[in-house]
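Subject: Structure handover and notes

Hello,

Here is the structure we spoke about.

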Amino acid sequence: MQKIIGKTPFNGTEDQKKRLQEAIEKHKSDPGALMPILHKAQEIYGYLPIEVQSIIAEGLELSLEDVYKVTTFYSQFSLAPKGKYEISICLGTACYVKGSGEIADKISSILGIKPEECTEDGKFSLTACRCIGACGLAPVITINKDVYGRLTPDDIEGILAKYA
Amino acid sequence: METVQIKINGIDYEVPQNSTILEAARYAGIHIPTLCYLKDINEIGACRICVVEVKGARSLVASCVYPVSAGMEIQTNTELVQSSRKTTLQLLLASHDRRCLSCARSGSCELQSLCNELGVSEENTFDGAKLKHGLDNSTLHMVRDNNKCILCRRCVGACENQYVSVIGSNDRGFDTHIGCAFEQSLEKVPCVSCGQCIVSCPTGALMDNDHCDDVMSAISNPDKYVIVHTAPAVRATLGECFGMPPGTNVKGKMVNALRKLGFDKVFDTDFGADLTIMEEAAELIHRITNGGTLPMITSCSPGWIKFCEYYFPNFLPNISSCKSPQQMMGAILKTWYASKMNIDPNRIVVVSVMPCTAKKFEIKRDHQCAAGVADTDYVLTTREVAKLIKRAGIDFVSLNDENFDSILGVSTGAAAIFGATGGVMEAALRTASDMLSETSQKEIEYKEVRGIENIKEATYEISGLTLNVAVVSGLKNSAALLERVKRKEVNYHFIEIMCCPGGCVNGGGQPLQPARVRNYENLSEIRAKTLYAEDKSLPLRKSHENPSIKLIYDEYFKTPGSEISHKILHTKYKIRDKF
């Protein structure tokens with residue numbers, strides 16, 4: 001699937017920038033420096049928007065495209081910010097046959113976001129994941145550390161209301 | 001040269017030790033088809049069109065990158081090889097936009113000719129899902145249609161070779177596509193408009209931002225006075241579009257064809273080149289004798305200018321303030337020439353025929369409106385003008401030679417060599433040395449700055465002045481040279497930089513030559529020879545000896561670098577943000 005690029009405005013802090021630049025300095029002369037720096041950047045910012053990738057490109061004397069293509073190749077890198085509440089919907093085989101597709105659609109329609117996107121207020125983000133090992137509870141979603149199982153689309157509104 | 005013995009299709013051959021199977025096959029008179037492979041630009045062995053059988057190998061091997069070894073036994077044309085190549089093509093077609101009839105590359109498409117040669121008789125064998133891509137027509141110089149892209153990555157290699165890398169392969173698997181960072185349009189990223197990606201593309205995915213129709217309607221408009229002028233490098237390449245061998249000089253036929261197309265005047269950009277030399281040589285002498293910023297760097301190549309603005313902004317004060325020959329030509333056509341001929345500059349449409357796509361960008365730059373209107377209205381690449389000639393049904397090959405119109409069709413050998421790397425330097429040296437010595441120097445061939453080496457350096461003593469010069473082409477080489485200048489490892493007075501490797505003869509607007517030509521022949525070298533031959537054949541070989549140049553200075557500019565010449569013939573540059 002094509003990577004979703006976040007649309008929420010970037011609000012990185014000076015402290016985050018300083019930490020990223022330290023990571024760039026540390027790895028700069030290593031062969032294959034880009035990967036550890038991208039990992040560190042995602043750890044610092046939670047995602048890799050154009051502002052962050054530009055700092056990395058400049059620091060490593062690479063073109064922005066040379067950084068971007070790597071971030072779109074590997075699934076662990078995210079280009080959209082995570083919300084305060086990160087909703088994960090399991091689309092693994094068991095959950096899927098138990099109707100997790102409809103659960104995902106319901107969440108999308110209530111929040112107005114597609115998988116890998118974040119709501120404009122920064123509250124909720126949605127990720128599609130593979131099996132989380134709770135097939136007995138299929139279909140399953142997690143919101144941060146909370147697990148909700150045996151769901152029907154009608155349950156979603158009430159669950160989301162808890163986090164409002 | 002060390003050699004090894006190998007067998008190709010059962011026959012013994014002795015081939016150079018370091019060759020690939022693809023290269024070795026040439027000794028056997030075998031042309032192995034390729035698609036993603038483009039010598040020196042893209043050598044990734046990915047497309048599997050060039051597969052051959054090697055005895056003992058586990059599977060078919062990609063001959064473009066597979067080195068030969070002693071005793072190797074190669075089969076290039078077995079049933080297995082043929083069927084593998086054919087299947088590869090059919091799989092490529094599965095996600096290819098197959099509307100060939102209306103494709104700009106129909107007839108010059110490498111995918112199309114491979115399908116034809118390798119016997120693909122059914123184009124829908126694997127008719128699977130397709131990604132739908134929008135057109136990227138954001139830039140002034142080109143259009144990307146990813147629906148025609150086969151992901152060979154030749155454009156990516158070309159862009160990387162130019163030290164720019166604004167395009168690459170984004171996402172993965174079925175979603176893989178060639179694009180810019182964060183899926184921005186090409187106009188939003190620091191692309192230098194060189195067009196090397198276009199001449200590398202085997203299909204119709206990359207095309208000119210075509211202005212043929214605009215030019216046709218200007219010609220058809222009786223209120224417009226349409227003037228065309230052609231760059232030095234075009235006469236050495238236009239014939240290729242009509243099946244003539246690379247290196248054929250078609251100057252006379254080209255002039256005839258343009259006249260037949262209905263242009264009101266057919267002039268020579270070489271005149272603009274002579275004018276550039278007058279101004280540039282004077283500027284160089286002025287900078288050296290008055291403690292100006294050195295080294296001075298040439299300003300003819302708009303791809304190089306844009307590159308400098310994005311990537312080396314500290315060098316902007318080093319670039320000569322002279323407009324390029326194209327823009328000088330447009331500027332004088334709409335000022336001096338318009339008033340001399342009593343034509344309203346607003347009626348004049350200036351069309352330039354260029355080996356270059358960055359020229360399409362250049363005409364829209366700031367400070368390119370000497371008469372208050374754009375100096376140049378339309379730029380046609382060599383490819384586009386060939387299209388217009390074909391469209392008009394003109395039998396180019398059998399045309400008689402004709403001469404450019406006076407008075408801006410007169411030029412010298414110095415201008416002719418502008419199209420090759422080292423040419424501007426040599427032309428400037430011819431004039432600067434006469435200006436400095438106030439005599440006419442007999443020694444006019446500066447052979448040290450000729451040739452296709454990446455970086456050429458020389459030192460000349462002219463009237464007691466020591467001149468250290470360097471000539472470089474291709475942006476990767478240029479960047480390396482500028483880094484050395486920055487670190488003060490070298491001490492030049494004058495540098496010629498051309499954006500495209502080999503100079504304008506190898507420009508991004510030049511005729512498309514397929515990999516099967518480019519992999520074996522050095523087109524820059526062949527085309528440049530034509531220009532040096534033209535230089536040798538001309539009676540006048542120094543810009544300042546051009547009688548029309550003398551006339552324009554007598555009547556209008558007075559001296560090079562005068563106040564009016566600064567107003568009309570010089571320009572400014574600006575820093576551009578890379579991110």
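How far apart do the C-alpha centres of domain 1 of chain B and domain 3 of chain B lie? The answer is 41 Å. This is a predicted model, in which local features need pLDDT of at least 70 and side-chain atom pairs count only at pLDDT 80 or more, while totals for chains, interfaces and linings use all residues. Residues are numbered from 1 along each chain as its sequence is written, and chains are lettered from A and ligands numbered from 1 in the order in which they are written.

Domains of chain B

Chain B is divided into domain 1 (3–77), domain 2 (118–208) and domain 3 (218–569); domain bounds come from an automatic or database domain assignment. The contact between domain 1 and domain 3 of chain B takes five residues from domain 1 and four residues from domain 3. Two residues are in contact if their C-beta atoms, placed from the backbone, lie within 7 Å. On the side of domain 1 of chain B that touches domain 3, there are two nonpolar, two polar and one charged residues. Here Ala, Val, Leu, Ile, Met, Phe, Trp, Tyr, Cys and Pro count as nonpolar, Asp, Glu, Lys and Arg as charged, and the others, Gly among them, as polar.

Sheets of chain B

Helices (H or I, at least four residues) and strands (E, at least two) are DSSP runs, numbered from the N terminus. Two strands pair if DSSP finds at least two bridges between them.

One open sheet of chain B has five strands in the order β2-β1-β5-β3-β4, with mixed pairing. Its edge strands, each pairing on one side only, are β2 (11–16) and β4 (61–62) of chain B. Strand β1 (residues 3–8) of chain B pairs with strand β5 (residues 73–75) of chain B in the parallel sense, over two bridges. In this part of the sheet, B:I8 stands opposite B:I74 in β5(B).

Helix α2 (residues 79–94) of chain B packs on this sheet and touches β3 (51–54) and β5 of chain B; the direction of α2(B) makes about 155 degrees with that of β3(B). Axes are lines fitted to C-alpha atoms, for helices over the stretch in contact, and angles run from 0 to 180 degrees between N-to-C directions. B:L80 is found in helix α2 of chain B. B:L80 is partly exposed, with 13 other C-beta atoms within 10 Å; a residue is buried at 20 or more such atoms, exposed at 12 or fewer, and partly exposed in between, with C-beta atoms placed from the backbone. B:L80 and B:E53 are 27 residues apart in sequence, and their C-alpha atoms are 8.3 Å apart in space.

Another open sheet of chain B has three strands in the order β6-β7-β10, with antiparallel pairing. β6 (135–136) and β10 (206–208) of chain B are the edge strands. Strand β7 (residues 142–145) of chain B is joined to β10(B) by three bridges, and B:M142 stands opposite B:D208 in β10(B).

Strand β14 (residues 348–354) of chain B runs parallel to β15(B), with four bridges between them. B:S352 stands opposite B:V379 in β15(B). In strand β15 (residues 378–381) of chain B, B:Y378 and B:L380 point one way and B:V379 and B:T381 the other way, and all are buried.

A helix pair in chain B

The axes of helix α8 (residues 269–289) and helix α10 (residues 325–341) of chain B come within 8 Å and cross at roughly 100 degrees. α8(B) and α10(B) are therefore roughly perpendicular to each other, a term that covers angles of 65 to 115 degrees. Residues making the contact include B:F271 and B:L275 of α8(B) and B:M328 and B:M329 of α10(B). By class, this contact has six nonpolar, four polar and no charged residues.

Chain A has seven helices and four strands, and 30% of its 164 residues are buried. The C-alpha trace of chain A spans about 50 × 30 × 25 Å along its principal axes. The domain assignment of chain A gives domain 1 (14–73) and domain 2 (85–161), with 30 Å between their centres, taken over C-alpha atoms.

In the contact between the chains, 14 residues of chain A meet 15 residues of chain B. α3 (50–60) and α4 (64–73) of chain A each supply at least two residues of the chain A side, and α4(A) gives the most, with seven residues. By class, that side of chain A has six nonpolar, four polar and four charged residues.

Regards

Technical notes: Parallel < 35°, antiparallel > 145°, perpendicular 65-115°, else oblique.
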